[in-house]
Amino acid sequence: MLHGSSSSGNGYHRVGKQRGGQPRRGRRGSGVGFRASHYSQQLHVPPCTEYDKAYFRAYSDIGIHEEMIKDHVRTSTYRAAIMQYQDSISGKVVMDVGCGTGILAIFCANAGAKRVYAVDASDIAFQATEIVKSNNLSDKVIVLHGRVEDVNIEEMVDVIISEWMGYLLLYETMLPSVIFARDKWLKPGGLILPSHATLYMAPVTHSVRYHESVDFWRDVYGINMTSMLPLAKQYAFEEPCVETITGENVLTWPSAVIHVDCYTVLAKELESISAKYKFVSMLQAPLHGFALWFDVEFDGPHIPSNQHVQDFERSSSELILHPNNTCKKRIKSNEAIVLSTAPEDDPTHWQQTLIYFYEPIDLKQNQIIEGSITLSQSKENARFLNIHLEYSSGGRSFVKETAMR
């Protein structure tokens with residue numbers, strides 16, 4: 001049960017709300033005929049499917065954009081990052097992929113950008129055009145109604161900015177559009193905001209949620225309705241749930257599922273991601289499932305490979321997990337701004353994504369929980385995510401298959 005809304009494109013469904021399997025957040029681009037620019041390389045342009053068109057229509061809903069803009073953590077962090085990199089934006093050409101109402105494009109224009117191409121496939125682009133006019137920025141901000149894969153821009157850009165993150169980080173599959181824009185239009189050494197992202201997971205306990213959804217049926221006004229329990233568990237826990245939990249629900253330190261470097265990641269690498277994990281419970285408590293959340297980082301321009309190798313030798317930056325499950329080191333600025341959706345941080349509209357078990361596991365302190373998780377794009381609709389979860393603890397092993405759609 002997942003949808004949502006976003007100025008870049010992540011339709012998904014949130015507990016208690018449903019938007020017909022469309023975006024929680026929108027993603028942009030579609031409509032303008034493609035003509036290759038002599039400034040850029042020819043790239044494979046994916047077809048615009050009926051699912052894509054439905055996704056873009058969903059992002060025409062003003063409620064989605066209102067939710068995203070009212071997310072103070074999200075919006076203020078983007079504005080802070082733009083101001084931190086004002087020297088890289090002032091006098092430069094910027095592209096906003098999935099611009100929505102155009103708020104990020106306007107932030108960039110106010111930071112001194114020479115020109116901003118604000119691209120969105122949703123009809124919200126018409127409102128963005130009016131907003132740009134109302135702020136006397138039509139000479140700087142050019143709103144393009146269409147998929148970024150289809151629009152024509154006759155110059156390279158210095159900066160790409162996008163709010164592409166969906167639930168589980170990758171839901172809605174908007175990042176490939178940012179990758180397309182990067183490969184087609186970004187100048188060497190250009191800036192991408194955000195630059196890096198990490199998806200985390202951790203085992204959680206949530207007795208209140210389980211009690212409200214399941215135990216409720218054991219005694220309903222004195223009536224035994226335990227026959228409802230199998231159906232209640234299926235209804236409540238079959239699909240991932242978008243909810244807000246706290247650090248008190250988390251049983252261990254988190255594990256990284258994937259690290260994404262927006263300067264180098266390939267769209268192909270995002271089609272299927274697998275990671276193994278091993279946790280040691282810090283508490284004695286029932287294990288009800290796993291929570292997943294993400295951080296994104298706003299770091300500086302990509303370092304050329306030869307410089308990267310030299311800095312690799314000297315740097316003490318952390319090791320990170322890539323989609324191929326290899327560990328590599330990357331350069332991390334001490335001043336990088338981070339937008340976090342972790343349970344212990346200020347809440348965002350992304351909340352956390354919970355994958356619940358049908359039956360909790362009673363954990364003892366220091367008990368091991370291990371297994372693997374695979375996230376893969378649905379063959380039916382690439383904006384959906386299939387989830388394959390394997391977990392073992394206390395000598396018992398389980399598998400859960402679910403999907404975010």
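Leaving aside its neighbours within four places in sequence, which residues is Met 95 in contact with?

What you have here is a predicted model, in which local features need pLDDT of at least 70 and side-chain atom pairs count only at pLDDT 80 or more, while totals for chains, interfaces and linings use all residues. Residues are numbered from 1 along each chain as its sequence is written, and side-chain values use heavy atoms, with hydrogens and water left out.

Let's start with the overall picture. The protein's secondary structure comes to 10 helices and 17 strands; both are DSSP runs numbered from the N terminus, helices being H or I with at least four residues and strands E with at least two. Of the 405 residues in the protein, 56% are buried. Buried here means under 20% relative accessible area, exposed means over 50%, and partly exposed is in between, with a 1.4 Å probe and protein chains only. Take the contacts between residues at least 6 apart in sequence: 76% of them join residues at least 24 apart. A contact means heavy atoms within 4.5 Å.

Now back to Met 95. Its contacts beyond those sequence neighbours are Tyr 117, Val 119, Val 148, Ile 153, Val 157, Val 159, Ile 160, Ile 161, Ala 181 and Trp 185. Met 95 is also one of the residues with the most contacts inside the largest nonpolar core, along with Trp 164 and Leu 169, and that core has 92 residues. A second, separate core of 15 residues includes Leu 229, Phe 237, Ile 245 and Tyr 356. A nonpolar core is a set of buried Ala, Val, Leu, Ile, Met, Phe, Trp, Tyr and Cys residues joined through side-chain atoms within 4.5 Å.

Not counting residues up to four places away in sequence, His 206 touches Glu 243, Ile 245, Asn 249, His 288 and Tyr 356. Ala 236, in helix H9 (residues 229-237), is buried too, with a relative accessible area of 9%. With the residues up to four places away again set aside, Ala 236 touches Arg 209, Ser 213 and Cys 241.

An α-helix has 3.6 residues a turn, so residues three or four places apart point the same way. At the N-terminal end, Asp 61 caps H2, with a side-chain oxygen 2.8 Å from the backbone nitrogen of Gly 63.

Leu 193 and Pro 194 are joined by a cis peptide bond, with omega about -5°, and Pro 194 lies in the loop between strand S5 (186-193) and strand S6 (196-204). Asn 136, in the loop between H6 and strand S3 (141-145), has a positive phi near 55° without being a glycine; Asn 136 counts as exposed, at 67% relative accessibility. Thr 173 also has a positive phi, about 50°, although it is not a glycine, but Thr 173 is buried, at 9% relative accessible area. This threonine lies in the loop between strand S4 (157-162) and helix H7 (175-185).

Thr 173 leads us on to the largest pocket. This pocket is lined by 28 residues, and nearest its centre lie Pro 46, Thr 173, Pro 176, Ala 267 and Gln 377. The elements giving two or more residues to the lining are H1, H7 and strand S15 (368-377), and H7 provides the largest share, five residues.

Note on methods: A polar contact is a pair of N or O atoms within 3.5 Å; within protein, one must be able to donate a hydrogen and the other to accept it, and residues adjacent in sequence count only if both atoms are side-chain atoms. On a 1 Å grid over the protein atoms alone, a cavity is a set of points where a 1.4 Å probe fits but cannot get out, and a pocket is an open set with protein on both sides within 12 Å along at least five of seven lines; lining residues have an atom within 4 Å of a point.
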